[in-house]
Amino acid sequence: MKTIDAQGLSCPEPVVLTRNAVKEDPEGVIVLVDAVAARENVTRFGKSQGYTVAVEDTQDGWKLILTKA
């Protein structure tokens, strides 16, 4: 599962990176974000594409784990 580091990026860049990553590996992706808006937008995108999204707190923000439902 590919990991995308989207920390420090403003929307819509984290969503664009996530979309590109799931095109490459449709089974799932891990996305690291440090902004609430990015966390919410990537989560919303993942769910709209049929992914289950698990959110884990990290020292610097959140780790979003998108897996195909």
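User: Which residues have the most contacts inside the largest nonpolar core?
Analyst: A word on the source first: this is a predicted model, where local features need pLDDT of at least 70, side-chain atom pairs count only at pLDDT 80 or more, and totals for chains, interfaces and linings use all residues. A nonpolar core is a set of buried Ala, Val, Leu, Ile, Met, Phe, Trp, Tyr and Cys residues joined through side-chain atoms within 4.5 Å, and buried means under 20% relative accessible area, with exposed over 50% and partly exposed in between (1.4 Å probe, protein chains only). The largest such core has 16 residues, and those with the most contacts inside it are Ile 4, Val 29, Val 31, Val 33, Val 42, Leu 64 and Leu 66.

User: And which helices and strands each supply at least two residues of this core?
Analyst: Helices (H or I, at least four residues) and strands (E, at least two) are DSSP runs, numbered from the N terminus. Residues are numbered from 1 along each chain as its sequence is written, and side-chain values use heavy atoms, with hydrogens and water left out. Each supplying at least two core residues are α1 (13–24), β2 (28–33), α2, β3 (51–57) and β4 (62–68).

User: Leu 64 is on that list; what does it touch beyond four places in sequence?
Analyst: Contact here means heavy atoms within 4.5 Å. In soluble globular proteins, nonpolar side chains tend to be buried together. Not counting residues up to four places away in sequence, Leu 64 touches Val 29, Ile 30, Val 31, Val 33, Arg 39, Val 42, Thr 43, Val 53, Ala 54 and Val 55.

User: Which residues are on the face of α2 turned away from its buried side?
Analyst: The buried residues of α2 are Ala 38, Val 42, Thr 43, Phe 45 and Gly 46. They cover an arc of only 165° around the axis, which puts them on the same side of α2; the arc is that of the directions from the helix axis to the C-beta atoms. Their cover includes α1, β2, β3 and β4. The face turned away carries the exposed residues Arg 44, Lys 47 and Ser 48.

User: What about α1: within what arc do its buried residues fall?
Analyst: The buried residues of α1 are Pro 14, Val 15, Thr 18, Ala 21 and Val 22. Seen down the helix axis, they line one face of α1, because they fall within an arc of 125°.

User: How many salt bridges does a search of the whole structure find?
Analyst: A salt bridge is a side-chain nitrogen of Lys or Arg within 4 Å of a carboxyl oxygen of Asp or Glu. One of them joins Arg 39 to Glu 40, with the closest N and O atoms 3.9 Å apart. Arg 39 is partly exposed at 22%, and Glu 40 is partly exposed at 39%. The count for the whole structure is two.

User: How far apart in sequence are the parts that Glu 24 and Lys 2 tie together?
Analyst: The side chains of Glu 24 and Lys 2 meet in a salt bridge at 3.1 Å, N to O. Glu 24 lies in helix α1 and Lys 2 in strand β1 (residues 2–5), so the pair ties together parts whose separation in sequence is 22 residues.

User: Over how many bridges do β3 and β4 pair?
Analyst: Two strands pair if DSSP finds at least two bridges between them. A hairpin joins β3 to β4 through four residues, and Glu 56 has Lys 63 as its bridge partner in β4. β3 and β4 pair in the antiparallel sense, and the number of bridges is seven.

User: Which residue in β4 is the bridge partner of Gly 28?
Analyst: β2 and β4 pair in the antiparallel sense over six bridges. In β4, the bridge partner of Gly 28 is Thr 67.
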